[in-house]
Amino acid sequence: MPIQEIRAFNRFYTNLIGALDYSKHLYTPYTLTESRVLYELAHSPRTDAADLRAELSLDAGYLSRMLAKFERDGLVARAPSEVDPRRQRITLTTHGREAAALLDERSREAVESLLAKVPADVRPRLVEATRTVREILGGDRPAHREGPVLRDPGPGDLGWVVQRHGALYAAEYGWNADFEGLVARIVADFAQDHDPHLERVWIAELDGRPVGSVMCVRDDAPATARLRLLLVEPEARGHGLGDRLVRGVVDFARDVGYRELVLWTNDVLTGARRIYQRAGFTLVAEKPHRSYGVDLVGQDWRLPLQEGTIK
């Protein structure tokens with residue numbers, strides 16, 4: 001009986017999510033396995049092929065053919081791993097990130113449509129049931145929260161960046177609405193006019209909700225990028241998420257050819273400063289100022305990257 005029930009459940013759920021014809025189900029050109037690979041690449045900015053194969057339990061030849069197809073389609077770039085040249089590093093291109101974001105959006109819409117048919121008072125039972133299945137079939141591995149993932153912003157995320165900067169900096173440092181206004185202008189400038197090949201925003205997500213952000217934009221100086229709007233929610237701190245966000249900016253800026261990465265911060269942001277130092281930034285200038293209703297010391301930090309080609 002248990003075997004029959006589990007097989008029946010598998011058939012039911014496979015049909016429910018459209019796994020047998022996933023591309024048609026989500027109106028995309030990618031199979032379920034291809035979509036999962038794109039998802040993993042989008043949420044792990046620098047992934048080795050061997051790690052990807054192990055994480056998804058894929059045959060080496062099958063994964064190699066899939067990555068070759070992705071490369072031909074302009075979705076990924078392959079290069080020797082910086083850690084071990086014998087391994088192959090896989091990175092999504094701008095086109096690949098756009099494809100992964102579209103898949104993520106349509107998958108969310110499909111789940112939202114599915115949940116819309118479930119009465120609100122029944123949904124907690126459904127969530128608990130799925131957690132129980134994962135816990136039991138996972139053997140000795142208890143069901144637990146997935147770690148934070150980094151992704152591109154979706155609808156409403158840029159507004160969240162503005163709102164959370166304003167609220168957190170007011171609560172933690174007593175800054176007034178002038179700071180929220182500054183963040184709003186930065187975000188609006190990015191939303192209205194940015195080059196997706198050279199500028200990017202990352203959102204850190206935990207359990208389906210945003211808990212952090214950072215931005216990489218072009219600076220006025222030639223071949224120079226600027227890191228802006230690093231934020232990690234208090235409950236998500238202490239797990240290296242700030243380091244991951246900054247490392248994502250550094251890797252992106254280096255990969256697209258910037259020669260230098262700069263940032264401006266204030267001396268009271270001690271946690272952020274330690275992150276910048278660990279990433280290799282050097283303090284190059286300080287200047288007292290009064291902003292956001294308080295007295296501060298502004299700081300300019302700099303990280304040389306390479307001889308780039310951006311003009």
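Modeller: Searching the whole predicted model for cavities of 30 Å³ or more turns up one. The largest cavity holds about 30 Å³ of space. Its lining is made by Leu-158, Val-161, Val-187, Val-201, Ser-213, Val-214, Met-215 and Leu-229. Sorted by class, that lining has seven nonpolar residues, one polar and no charged. Two elements, α8 and β6 (209-218), each bring at least two residues to the lining of this cavity. β6 has the largest share, with three residues. Why look for such space with a probe? Rolling a probe the size of a water molecule over the atoms shows where empty space is left.

Now the open side. The second largest pocket has a volume of about 770 Å³. By class, the lining of the second largest pocket splits into 13 nonpolar, five polar and twelve charged residues. Several elements give at least two residues each to that lining: α3 (32-43), α6 (94-116), β4 (149-151), α8 (157-173), α9 (177-192) and β5 (200-206). The top contributor to the pocket lining is α6, with ten residues.

Leaving out residues up to four places away in sequence, Arg-108 touches Arg-151 and Glu-205. Arg-123 lies 15 residues from Arg-108 in sequence, and the two are 16 Å apart in space, C-alpha to C-alpha.

Another arginine, Arg-89, belongs to strand β3 (residues 88-92). Arg-89 counts as buried because its relative accessibility is 13%, and the cut-off for buried is under 20%. The side chain of Arg-89 makes a polar contact with the side chain of Thr-91, at 3.3 Å.

In α11 (residues 270-278), the buried residues include Ala-272, Ile-275 and Tyr-276. Viewed down the helix axis, the buried residues of α11 fall within an arc of 100°, so they line one face. Just after α11 comes Gly-280, with a positive phi of about 105°.

Last, the whole protein. There are eleven helices and ten strands. Of its 311 residues, 38% count as buried. Along the principal axes, the C-alpha atoms fill a box of roughly 75 × 50 × 40 Å. Among contacts with a separation of 6 or more, 59% join residues 24 or more positions apart.

Conventions
Residues numbered from 1 in each chain as written. Predicted model: local features only at pLDDT ≥ 70, side-chain atom pairs only at ≥ 80, totals over all residues. Heavy atoms only, no water. Helix = DSSP H or I, 4+ residues; strand = E, 2+ residues; numbered from the N terminus. Buried < 20%, exposed > 50% of the residue type's maximum accessible area, 1.4 Å probe, protein only. Polar contact = N/O pair within 3.5 Å; in protein donor to acceptor, adjacent residues only side chain to side chain. 1 Å grid on protein atoms, 1.4 Å probe; cavity = no way out; pocket = protein on both sides within 12 Å on 5 of 7 lines; lining within 4 Å. Points joined across faces, edges and corners; volume = space filled by probe spheres on them. Nonpolar A, V, L, I, M, F, W, Y, C, P; charged D, E, K, R; others polar. Arc of directions from axis to C-beta. Contact = heavy atoms within 4.5 Å.
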